[in-house]
Amino acid sequence: MSTSITDAMFAVAATAIVVAQYFILRSTRRGMAFGGRRAAPLLEWMYAIVPALALVVVLAWTWRTMHPTGSSAGVTSSIVRTLS
Amino acid sequence: MNEAVASTAASRTLASDLLSLTKPRIISLLLVTTIAPMFVAGTPSWLAVLWVAVGGYLMAGGANAVNMYLDRDIDDVMARTRLRPIPSGRMTPRAVIAFGIALATAATYLLAHFVNLLTAALALGGFYFYVFVYTRWLKRRSPQNIVIGGAAGAFPPLVGWAAVTGRVDLASLYLFLIIFYWTPPHFWALALNKQADYGRAGVPMAPLVWGERETMDQMLWYSVLLVAITLLPACFGVFGLPYVVAACVLGALLLRGVWRVRASREHHAWVRHAWWVYGYSLLYLALLFVAMVVDRHL
């Protein structure tokens, strides 16, 4: 597949991930308010946030793999450009 | 004559119980997600596939047996687990844990000796994660038990990949993530329909703690995440257009099913849709991994 198609696919997938992750965190906060007397709030946040942070790292790694010549700063700006 | 017949029947029961401790139906999907990545990673020899399949079965079977030992108190109060060998009194807890550890030990040896050390280490890592992180730590403490615990079921693709390439890389990490993010919608679909069982056993599954609607919301967003993640390996050339088409079609059907659960207001309607999502998600994962293999060998 051409670079423009894979870049567009990456942008669509990354946007969907960011939106879904936002709603997951929001839902986790609401769920914690409903109950869960056994649940420790800090740990519950950790269970939701750690996978989200790991995904950010994987997305950045993916972009670097797609554009191997770019520097770190270039990668970040390219992601921002693609998402905007 | 009668003694011989009784002895044969007892042996058959024991063999059947030992087999049931390994949860063969669940392992069949784990084997698909172990073997398929081997054919995505390269062209493995049939002997390598055989050793990974045997080692993978023994390791997962051992983890399942140890899980049944650790959960023997709650298995007795849940309808769907009451007939397992320990709660029904057909096997002693000590025999079950010994069997589980023996299987895991044999698997570690086979994978390390006939495949490679990394493969054995990853399979053993999955065993420990399932037993200690999921069963011992999370299962009875957090409604997000299967979110983090889902990582245990995500080890098989890493095992298969490492068996062929001898390493873990970005592509294999995506296979791990696909199963990690597939797990919440799959198990919450089951939990929605088995709330009474989990409630009796005191397992804080999401529908019991957060409520049904909040769980359905999370199922939807985890499914969106999952479908998005399935597309990303194609962005850096691991898969081509045939896989992308398959991932989109399979993902669209999953999203439609989860949306129906969330959109249903009547109890009987969302129960039916949740069962559909539970069944379809099994097929979804198997077909997605088959699509990966087909795409790589077209």
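Leaving aside neighbours within four places in sequence, Y222(B) is in contact with I24(A), Y181(B), P184(B) and P185(B), where contact means that the C-beta atoms of two residues, placed from the backbone, lie within 7 Å. This is a predicted model, in which local features need pLDDT of at least 70 and side-chain atom pairs count only at pLDDT 80 or more, while totals for chains, interfaces and linings use all residues. Residues are numbered from 1 along each chain as its sequence is written, and chains are lettered from A and ligands numbered from 1 in the order in which they are written.

- Y222(B) is found in helix α12 (residues 212-235) of chain B, helices being DSSP runs of H or I of at least four residues and strands runs of E of at least two, numbered from the N terminus.
- Y222(B) counts as buried because 26 other C-beta atoms lie within 10 Å; the cut-offs are 20 or more such atoms for buried, 12 or fewer for exposed, and partly exposed in between, with C-beta atoms placed from the backbone.
- Although Y222(B) and W182(B) are 40 residues apart in sequence, their C-alpha atoms are 7.5 Å apart in space.

**Confidence**
- The model scores ipTM 0.86 and pTM 0.90.
- For chain B the mean pLDDT, the predictor's confidence in each residue on a scale from 0 to 100, is 93, and 97% of the residues of chain B reach 70 or more.

**Contact between the chains**
- In the contact of the two chains, 28 residues of chain A meet 28 residues of chain B.
- On the side of chain A that touches chain B, the elements that give two or more residues are α1 (3-34) and α2 (41-66) of chain A, and the largest share, 14 residues, comes from α1(A).
- That side of chain A has 17 nonpolar, eight polar and three charged residues, where Ala, Val, Leu, Ile, Met, Phe, Trp, Tyr, Cys and Pro count as nonpolar, Asp, Glu, Lys and Arg as charged, and the others, Gly among them, as polar.

**Domains of chain B**
- Chain B is divided into domain 1 (13-168) and domain 2 (172-298), with bounds that come from an automatic or database domain assignment.
- The centres of domain 1 and domain 2 of chain B, taken over C-alpha atoms, are separated by 21 Å, and their contact takes 26 residues from domain 1 and 28 residues from domain 2.
- On the side of domain 1 of chain B that touches domain 2, α2, α7 (145-153) and α8 (155-165) of chain B each give two or more residues, and α2(B) supplies the largest share, seven residues.

- The axes of α2 (residues 24-41) and α3 (residues 46-70) of chain B come within 10 Å and cross at roughly 145 degrees, the axes being lines fitted to C-alpha atoms, for helices over the stretch in contact, and angles running from 0 to 180 degrees between N-to-C directions.
- The contact of α2(B) with α3(B) has ten nonpolar, three polar and no charged residues.
- K23(B), in the loop between α1 (2-21) and α2 of chain B, has a positive phi of about 50 degrees although it is not a glycine.
- K23(B) is partly exposed, with 18 other C-beta atoms within 10 Å.
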